[in-house]
Structure formats: structure tokens, C-alpha cells
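Thanks for coming. Please look at the sequence and the model first.

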Amino acid sequence: TGVRCNNRLQYLPLQVSRRPSKGQTMDPAVPLPLAPPLLSRATESAKDWAILHGVAMRTEEEPNSSDVVNFAPFLLLPSPVPRALFDQAKAVQRDFNLLVHRLSQDADFLSSCLKSTIQVDDFTCRLFRIYEQVRREGVAQPVCLGLHRSDYMLDDPCRSGQENGEPVAKQPRLDQLQLKQIEINCIASSFGGLGTQMPGLHRHVLRLCGASRFTADQHLPQNRAMSSVAGGLAAAWELYGEQSAIIVFVVQEENRNAMDQRWLEFAAMDRNPSIRVRRYSLMEIHARGELRPDKTLLVDGLEVAVAYFRAGYIPTDYPTEQEWKARLNIEQSRAIKCPCISYHLAGTKKVQQELAQPGVLEQFLEDPAAVARVRATFAGQYTLELVRKSNGSSSNELHVKRPELLLGPDPKGSAKFSTKDSTLDGKGPQGDRTVQMVMSDSGRFVMKPQREGGGNNIFGDDIPAALNNMADPKERTAYVVMDRVRPAVVSNYMVRPGRDPALTEAVSELGIFGVFIGKGNEVVLNQEGGHLLRTKPSSTEDGGVASGNALLDSPYLI
Ligand code: ADP
Ligand code: MG
Ligand code: MG
């Protein structure tokens, strides 16, 4: 099941590590593939370490019971991440936290941004209606808790234009890799709990492979994700100011990833002995909840201080009107929401596409250095919005709203798509330049709907068919188009329950948590909150640990 190894092994961790204390001594290199006895010894030991340290997940067969749990799938070795890019991702997190907060406060921006999308996307539309309703009624709780996670891939320019799965010609040059944001998650950002244990697991495995403790400590950064996220929950609870009130984890009925949430629950309780956490589904909140006239939210008679959503971000979380009612009641209440509905909307792919257009960041961040830090992480993003004719009706032809902005941060677009016949006044149909662009070179793009949790995107060659199959061109405005990032490929062993460890060509996605508490225009808390590395086979397009594509990992900084 392994793959043939080639010269890319140079990119492997242990071969670049050096013990500086005694001058030149190199740590023993670990060539891949690992010798079979070492591989099986390390794998067995790592699985047990994972179980003993709570890198755990419920099984597919019994998603609602902890009677039998498994270790969560993981990478045997930590995957290499250039230290400079890791630091860059951490350094920009507080800017992103502030950006999300600022734009969430801007009703005009959110409305105009999502206007076309909500005409065709029922789910986003319903969220937007809740947003409008609570604004109309008056927001009962000005405090908003953000527990975000901004995700990045390390773009390897050598791979651009290369079709997925083809052999990679060259060893990625570390100094050429670029940090590119894939998305920022503003709701149910997961794996702060399990991910926090991963450096410990990898420290253990590296020791088994002969690395010194020094090497392990040098290269495996500590991860504060769990304590940061729990700290945010505890801080919000304290701000609410009622000792007897509870934190509610709003969870899905079926929940393989409950262990990750438990870590956060227990860590929050450790922070403050008065904190009590209860787990409820939206349906349970509907059935057992009560919204008092003074906007206090009770569930099972207990006042809710904080509602932390680990559900509610996909349409299937709302099978009936009752779940929608529960979501509305929570939003109407005095409970501190994580996220509040405006943060939820701020995290949509559509908003992120709009932020990538020139001049938009400047509306929200006054510090030019912050703007530069944020923008440096953006890949090109393109709207598929219909143009409005001067008579007010929509043209059936599609094009970018502002064709001069097609370039985004990607200079490749400039030569191909001139702007000379564009109308910037939005008065006439200008053809379908975005569509043309995507159709003519679909391998360069990803088409993303307003969904979370992985498995929803349309990649490369599938895009033309998807566009052609839409009965009404309007449907396209449910999506945004993004430049496809070509992450650097590394070799690593995937360890999954019930399977032999498999040496696989893999790509990683680095997430940085952000913890933010805002109160109107006031910033109460703004922190970078630890990290998460997830790695998936390079042949898989979509990501997500919960969706079964990606595995837990931790960065080996080089
Ligand atoms: P979701 O909210 O569903 O996680 P993402 O934007 O993170 O949506 O997309 C899911 C997965 O698709 C990512 O984890 C990544 O593997 C892949 N992906 C998304 N955008 C890109 C992109 N621009 N280039 C390459 N892969 C992408
Ligand atoms: Mg997401
Ligand atoms: Mg994602």
C-alpha cells in the first residue's frame, strides 16, 4: 500500500535537524520507508499513546456512544512546515479576528455582499433572515464570542498548473512556499481539543525513531489551542456575570467528534470551578428551552450564559422548522453566542471572496501593516454575480461585478483578461468573463458554495459540467470561484483504525485559532489561540477530518 519514495525525502523532518549544543552532531536521519520492525513498533506505540492521551473519536458504527471509541486517524510523523510561514500565520491571526468583528458590525456591507447569494441559497438566506430579525428587534446581547480558525495551505509555485495526482517534478523549495488562506471558520471550528495532544504524540514517535528530546522540543511547537478556546468560553461566561448560569454546547444529534468537544468542556470547567456545561441539540433546546420576555434563555430551567455552536452550520442540522426556531430564540436571547449570527455570516465564503477584492480590507482595518499582513495570505477569488442592467433586470449573462478586479492578487490573470470592454457602471451585460476564465482553464480553480464541513467544493475539471448543468445561471451566484492552491507534497504514514499504516504522498492544511470577544466597538479580548495541522492524501481534493479525508497531524518546524 506504500508509494515509491523519491528524492522528496529530503523534505522529511529528521534529516534536517541538527543538535547545536555539541556542534555538528546530526541526529540520526530516519529514511522512509521506515524499516518494517520500527514502523510496526512505532505505529502500535503511537496508537496506544493516542488512546491514553485522548486523541479519540467515536466509531462510525456507534457515533452516539462512548462505549467503544477509537483513536482519531493521525499521521505517524509530524509533517514539515517552514517556521517562517508558521510564524506568519500566527502573526496575522489577531488581524483576522478584528477584521471579522469589524465587518460583522457593518450591516450595509454584509447585506450588499450577500444580496445575490441569498436569492439562490436558501440556507444562507435563512441565516440572513435571522440576522435581520434580531437587528430589527434590537440585539439583546452586545457581547460576541469568536472562536475562529483560519486555515492555510503552503502553496508550492512549482506545482501550479500541474494536474492533481501527477508526479511532482521538483523538491519544493522552502523559501518559495507561500502561505495561502483557504478559508476562515467562524462557527464550530473544531479539533482544538484533539489537536492539542498531537505535539506530544509526535514527540513520542520521534523519540522512538531515535531523535533526541532536544530535537523534538526544538521542532515541535507546543499547542495552546485547547486552553485558548476554553479560556474564551470561560471569559465569556464570566462577562455574562451570573454564577448559576450554564454554558450550552449546541451539538449535532450524531456526533463522532464529541471527544474533541469534551476536551473543551473539561478545560473550561478547570478554568473556573463554577462553570457548568450542558450539551443539547437544537431540537432539545426547542423542546426544553424557554425565552423569557426579558430575553433570558433557559434550558431545563437553567439560565444560559453562553451558547457555543458545534452544530447549526449545515442545512442538515435543521431538518425541521423547530431547529430553526431554536436557532432564532438563541439569537434573540441575552446569552452570549459563539458565534453570534453576524459572525456566522461574516465567515461565509461569499464574504471572504469580497474581502479579497482590492480596497475592501481598508474599509475595516485602519492599520496599513495589518492590511498588508492579511492580504499577503489571500489567493485570488472571483464573484459569479449577475450584472444588473440599467433597467433593473438581471442579465442572464454572467460576469464579474467589477471586471477590473478579476486579477485579485494573482498576476497571472492580468495578461489574459483585459478590462478594456468592461463596464464599471454595471449598466450592461458584459458577457461571462469569469465563466470563460474558469471554463478555459478549470484546473486552476475551485468553486465553493456557502457550506462548511468539507465535501462541498467543486474542483478543476468538474467545474465546467457543474456550471453547464445549472438550469438557471442565477444558481451560480451560490458559489464563489477561488484560485486553486497547490500545496507542497510530503511523504508520511497515515494511521487509521483497522488499517495498516500507509506511506502516502500528502498535503497539509495549517489552522490557527483565534479567540475574540467584542462588545459593540470595544475589543474585550483578541488572541491568537494555538494551531491545528491536518494532512490528507495529495490525491484527495476536499479536506476535513470529520468528513474522513484528512488526518490529525502536527507541524515539524524547519
Ligand atoms: P469547508 O468550510 O467545507 O471546510 P474549505 O474552503 O475549507 O471549506 O474547503 C474544503 C477543502 O477543500 C479544504 O480543506 C481544502 O482541502 C480544499 N480547498 C478549498 N479551497 C481550496 C483552494 N483554493 N485550493 C486548493 N484546495 C482547496
Ligand atoms: Mg469551513
Ligand atoms: Mg475548511
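A helix here is a DSSP run of H or I with at least four residues, a strand is a run of E with at least two, and both are numbered from the N terminus. With that, glutamine 93 is in helix H3, residues 93-104.

Before going on, the ground rules. This is a predicted model, in which local features need pLDDT of at least 70, side-chain atom pairs count only at pLDDT 80 or more, and totals for chains, interfaces and linings use all residues. Residues are numbered from 1 along each chain as its sequence is written, while chains are lettered from A and ligands numbered from 1 in the order in which they are written.

Is glutamine 93 buried or exposed? A residue is called buried if 20 or more other C-beta atoms lie within 10 Å of its own, exposed if 12 or fewer, and partly exposed in between, with C-beta atoms placed from the backbone. Glutamine 93 has 25 other C-beta atoms within 10 Å, so it is buried.

Which residues does glutamine 93 touch, leaving out those up to four places away in sequence? Contact means that the C-beta atoms of two residues, placed from the backbone, lie within 7 Å. By that rule glutamine 93 touches Ser150, Ile512, Gly514 and Glu528. There is also glutamine 527, which is 434 residues from glutamine 93 in sequence but 7.7 Å from it in space, C-alpha to C-alpha.

Now the rest of that helix. Of the 12 residues of H3, 10 are buried, so H3 is largely enclosed by the rest of the structure. The buried ones include Phe96, Leu98, Leu99, Val100 and Leu103, and also Asp95 and His101.

Among the buried residues of H9 are Asp260, Trp263, Leu264, Ala267 and Ala268. An α-helix has 3.6 residues a turn, so residues three or four places apart point the same way. What do the buried residues of H9 pack against? They pack against strands E1 (56-58), E7 (246-250) and E8 (277-280), and against helices H6 (192-208) and H8 (225-240).

In an unreviewed entry, UniProt lists residues 245-346 as "domain: Glutathione synthase substrate-binding". The positions are in the numbering used here, feature names are shortened, and such annotations may be inferred rather than shown by experiment. Over residues 245-346 the chain is 38% helix and 25% strand, with the end C-alpha atoms 28 Å apart.

Next, some backbone details. The peptide bond from cysteine 338 to proline 339 is cis, with omega near 0 degrees. Proline 339 lies in the loop between strand E12 (336-338) and helix H12 (341-346). Alanine 188, in the loop between E6 and H6, has a positive phi, near 55 degrees, in a residue other than glycine. Alanine 188 counts as buried because it has 27 C-beta neighbours inside 10 Å. Lysine 295 also is not a glycine and has a positive phi of about 75 degrees. Lysine 295 is in the loop between strands E9 (289-291) and E10 (297-299), and it is partly exposed, with 16 other C-beta atoms within 10 Å.

Now the domains, whose bounds come from an automatic or database domain assignment. Domain 1 is 7-18 + 30-349 + 487-557, and domain 2 is 380-483. Their contact takes 22 residues from domain 1 and 18 residues from domain 2.

On to ligand 1. Around it there are 20 residues, of which Glu183, Glu452, Met482, Val485 and Gly543 come nearest; a residue is near if its C-beta atom, placed from the backbone, lies within 6 Å of the molecule. Strands E6 (178-185), E16 (445-449) and E18 (479-483) each give two or more residues to this shell. The shell draws at least three residues from each of domain 1 and domain 2.

Finally, the whole chain. It has 17 helices and 23 strands, and 50% of its 558 residues are buried.
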